[in-house]
Amino acid sequence: MDQQQLRDLEAKCVQELSPQCKAGCPLHVDARSLCASLATGDFDAAWQVLLKTLPLPGVLARICDGPCRQQCLRGKAGDPVQIHLLERSVVQRPRPRQRSLAMPARDKAVAVAGSGLSGLVLASDLKRKGYTVTLFEPGPRLGHPLYGRFGELLPDAAIDEEMSALEDAGVVVHTGAEVSDGAFMDGALASFDALYLCLDAGLEVAWPLRMEQGAPVYDEMLGTTSLSRVLAGGDSASPVERAAQGRRAANTIDRLLQGVSLSAERSDQGAYRSRLYTSLAKVPSLPAVVPADPIEGFSPQQAAYEAERCLQCECLECVKACAYLAHYKGYPKTYARQIYNNLAIVKGHRQANQLINSCMLCGQCSALCPHDFPMAELCLETRQSMVAEGIMPPSAFDFALEDLRFSSSSEFFLFRHAPGRDASTYLLFPGCQLCASSPGHVEVLYQWLRENVSQATGLGLGCCGVPAHWAGERGCFERELDRVRQEWERLGKPTIITACATCLSTFQEYAPDVAVAGLWNIMTGYLSPGDASPRGAKKPVAVHDPCAARHNPVLRHSARRLLSHTGVKVRELELAHEQTSCCGYGGLMYSSNPALAKKVAEKRVSESKADFVAYCAMCRDNLAATGKRVYHLLDLLFPEAAKSHLPPGNSKSNNSAQEDPAARPAPGFSQRQENKADLRRRLLKTLWQEEPPPMQAHQHLDLVMEPGLQELLEERRILLNDLRRVILHAERTGQKLADAKTGRFLAYHQPVRVTYWVEYAPEGESFRVYNAYSHRMTIPGGPA
Ligand code: SF4
Ligand code: SF4
Ligand code: SF4
């Protein structure tokens with residue numbers, strides 16, 4: 001990513017843009033902050049908001065006609081916030097002490113003819129910038145055109161206060177000045193660097209300017225006239241727009257006197273429409289508060305009520321939905337810069353590594369973002385760059401990649417025609433996670449497909465390679481996918497039927513030559529209402545769409561049709577279909593940031609009190625791991641298969657899980673691998689009548705340990721087979737340390753990249769494990 005790409009990306013996120021009120025105010029008063037202060041009754045803070053951007057606040061806040069209201073978003077849900085009345089309420093209260101904000105003096109001088117609003121604002125702005133400003137007012141006092149013009153709204157005392165402040169700031173004032181003839185203009189141009197003609201001062205001038213209908217012609221945005229160094233403005237009907245004209249002319253004079261472009265980067269001067277998006281969903285309509293006194297404005301309590309109606313407009317649509325984006329306390333625009341810095345870093349810590357590696361790559365942000373901010377693409381491409389540059393920390397995805405290696409090993413990988421067949425029309429590719437989660441369903445499903453769809457349905461056990469894709473390992477991903485493709489070709493290119501939405505989208509996107517169909521789409525053609533009767537799902541269920549189905553409306557619809565065939569009532573989650581949330585598995589978050597993955601799943605299940613139903617095995621297990629009751633769609637379609645996918649162990653709880661598949665515990669990582677290996681062995685034996693290859697020596701070791709320890713080992717991503725390998729190695733080689741006091745042994749072994757340490761002791765025919773941990777360090781001269 002280069003600087004330009006970063007800027008283009010940042011520009012997509014509108015979170016930092018001005019709210020509509022600020023953009024719609026010709027002076028860009030920050031009404032959102034004003035409302036935030038007033039909602040808490042903090043008038044001092046509200047005053048400070050005004051002092052930042054509103055010139056002559058004691059005057060303008062009283063007479064502003066509030067054009068910002070036309071753009072205030074609250075107007076779409078009730079009445080717009082009455083920002084002008086809130087401002088008036090603020091300036092009725094004492095002004096807090098203000099620090100002088102004047103810049104160092106400059107050796108340039110500006111003359112102003114007339115002290116109407118635009119002339120006063122221009123004088124005030126240029127004085128702050130350090131220019132010498134001299135104001136020539138034909139009337140008897142500074143601000144003469146203002147006195148009496150706005151009736152009760154603008155008392156003389158309020159004008160007096162602002163005029164004194166202007167003189168105190170050092171603006172030189174000449175009242176009773178003769179400014180109407182050309183001689184004044186010539187003299188001013190001889191003595192000053194620029195001259196401003198204030199058109200709202202009621203002056204009639206005979207200056208040699210280009211005129212139309214008796215008024216000088218000037219540029220609305222810049223204030224420039226037909227004469228160099230002579231500017232004009234202030235003839236708008238709106239007081240605040242007149243003030244803004246003076247401000248824009250002051251900006252032009254400043255640029256002129258500094259010798260820089262008069263027009264560059266001024267497109268957001270004056271009122272404009274902001275691109276900031278704010279959702280109005282769930283915003284109730286609220287009417288405006290009527291002020292107790294139309295002149296004095298709101299009482300403090302009324303001001304608070306009115307200010308509370310402000311929506312505090314911002315976007316954050318993606319952050320509200322995505323626990324990952326919320327976790328890092330920013331939003332995509334800020335994250336894009338952090339990621340850019342992370343990639344560009346030469347020395348030091350890459351602090352954004354975890355930010356990059358935790359994204360679920362689920363695409364919900366883009367689905368919700370009004371401008372399609374592609375956070376997933378950004379994180380995925382960054383992971384790929386990190387892998388290519390050799391700066392990806394191995395710990396991030398090691399565990400998931402090891403699991404992928406297992407799925408590709410001879411312990412699980414298997415592609416066959418149906419028993420007794422030498423050709424396949426279809427090929428069931430259940431996906432590695434369904435085999436890991438509920439192998440019984442795979443067996444039932446395979447039988448159902450052969451009986452109902454085609455006897456010529458082959459079977460493919462393996463992984464589509466998506467974990468490598470998510471880890472940024474392009475080469476590994478291509479190899480894995482290619483391996484599946486080669487098997488598919490060997491079997492005669494049958495149509496793959498997959499039960500996994502991720503496999504489906506992976507094939508469709510990265511292997512478009514492979515014919516593939518979603519299981520749920522196929523099944524809707526063969527099942528009718530009443531063909532399946534759900535066991536235990538008598539109450540309505542909330543459907544969780546997997547994020548891989550986000551862009552597959554047909555698959556989502558098919559899953560719902562099948563659910564309706566079972567008779568179960570369906571509740572839609574608020575974030576469903578293309579806006580669905582990830583379960584915490586996507587993008588390998590469970591590997592790179594398990595604690596956050598848990599939070600993600602917890603957030604998801606909290607969205608409905610109803611039991612959930614998922615139609616992706618990994619979603620089902622991740623959500624069920626929170627303790628939520630979650631069905632897999634297959635639990636409802638094939639309830640009799642429940643008994644065959646239960647983990648070994650407590651038969652009492654297994655019995656209840658048979659009756660209540662939603663309560664089936666999510667298998668741990670060790671169990672998942674064992675389920676996959678057992679499924680392959682069982683299918684070889686029962687369907688193809690083949691003796692499966694013998695189990696490896698370490699797999700025969702029987703381990704015992706406290707249940708708490710097994711949970712801890714799951715958290716540490718240490719599998720039972722890892723422990724078995726270490727113990728077998730230690731027992732065979734004798735390379736172990738003995739603790740004479742406890743009689744326990746400590747041994748280590750590095751089967752691949754990770755070194756495992758196990759504290760154990762023989763116990764009868766078994767081995768009792770007391771503790772185990774792992775690290776990515778190689779011990780020189782240690783056992784291989
Ligand atoms: S609701 Fe509040 S922040 Fe939004 S436009 Fe109106 S005043 Fe501004
Ligand atoms: S986890 Fe999903 S929604 Fe959140 S940023 Fe990543 S792709 Fe977007
Ligand atoms: S949805 Fe997110 S990325 Fe899109 S504009 Fe809003 S805050 Fe930015």
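**Notes on the model**

1. The model is a predicted one.

2. Which residues surround ligand 3? They are Cys 13, Val 14, Gln 15, Cys 315, Leu 316, Glu 317, Cys 318, Pro 332, Cys 369, Pro 370 and Phe 373. Sorted by class, this shell around ligand 3 holds 9 nonpolar, 1 polar and 1 charged residues.

3. Around ligand 1 stand Pro 19, Cys 21, Arg 32, Cys 72, Leu 73, Arg 74, Ile 83, Cys 310, Leu 311 and Cys 313. The shell of ligand 1 comprises 8 nonpolar, no polar and 2 charged residues.

4. How is the chain divided into domains? The assignment gives domain 1 (20-96 + 277-308), domain 2 (109-258), domain 3 (317-389), domain 4 (398-525 + 670-683), domain 5 (541-580 + 601-646 + 653-664) and domain 6 (697-775). The centres of domain 1 and domain 2, taken over C-alpha atoms, are separated by 28 Å. In the contact between these two, 18 residues of domain 1 meet 21 residues of domain 2.

5. The remaining points concern helix packing. Two packed helices are described by the angle between their axes and by the distance between those axes. Helix α3 (residues 31-39) packs with helix α11 (residues 300-308) at an angle of about 135 degrees, and their axes are 8 Å apart. α3 and α11 are therefore oblique to each other, and their crossing is left-handed. On the α3 side the contact is made by Cys 35, Leu 38 and Ala 39, and on the α11 side by Ala 303, Ala 304, Ala 307 and Glu 308. The contact of α3 with α11 has 6 nonpolar, no polar and 1 charged residues.

6. At what angle do helix α22 (residues 474-490) and helix α23 (residues 501-510) cross? The angle is roughly 95 degrees, and the axes of α22 and α23 come within 12 Å. α22 is therefore roughly perpendicular to α23. Phe 477, Leu 481, Val 484 and Arg 485 of α22 meet Thr 506, Phe 507 and Tyr 510 of α23. By class, this contact of α22 with α23 is made up of 5 nonpolar, 1 polar and 1 charged residues.

7. Helix α20 (residues 439-452) and helix α31 (residues 669-686) pack at about 35 degrees, with 9 Å between their axes. The crossing of α20 and α31 is right-handed. Pro 439, Val 442 and Glu 443 of α20 make the contact together with Asn 675, Leu 679, Arg 682 and Leu 683 of α31. In the contact of α20 with α31 there are 4 nonpolar, 1 polar and 2 charged residues.

Terms used:
Residues are numbered from 1 along each chain as its sequence is written. Chains are lettered from A and ligands numbered from 1 in the order in which they are written. This is a predicted model: local features need pLDDT of at least 70, side-chain atom pairs count only at pLDDT 80 or more; totals for chains, interfaces and linings use all residues. Side-chain values use heavy atoms; hydrogens and water are left out. A residue is near a molecule or strand if one of its heavy atoms lies within 4 Å of it. Ala, Val, Leu, Ile, Met, Phe, Trp, Tyr, Cys and Pro count as nonpolar, Asp, Glu, Lys and Arg as charged, and the others, Gly among them, as polar. Axes are lines fitted to C-alpha atoms, for helices over the stretch in contact, and angles run from 0 to 180 degrees between N-to-C directions. Helices (H or I, at least four residues) and strands (E, at least two) are DSSP runs, numbered from the N terminus. Angles under 35 degrees count as roughly parallel, over 145 as roughly antiparallel, 65 to 115 as roughly perpendicular and the rest as oblique. A crossing is left-handed if the near helix is turned anticlockwise from the far one by less than a right angle, and right-handed if clockwise. Contact means heavy atoms within 4.5 Å. Domain bounds come from an automatic or database domain assignment.
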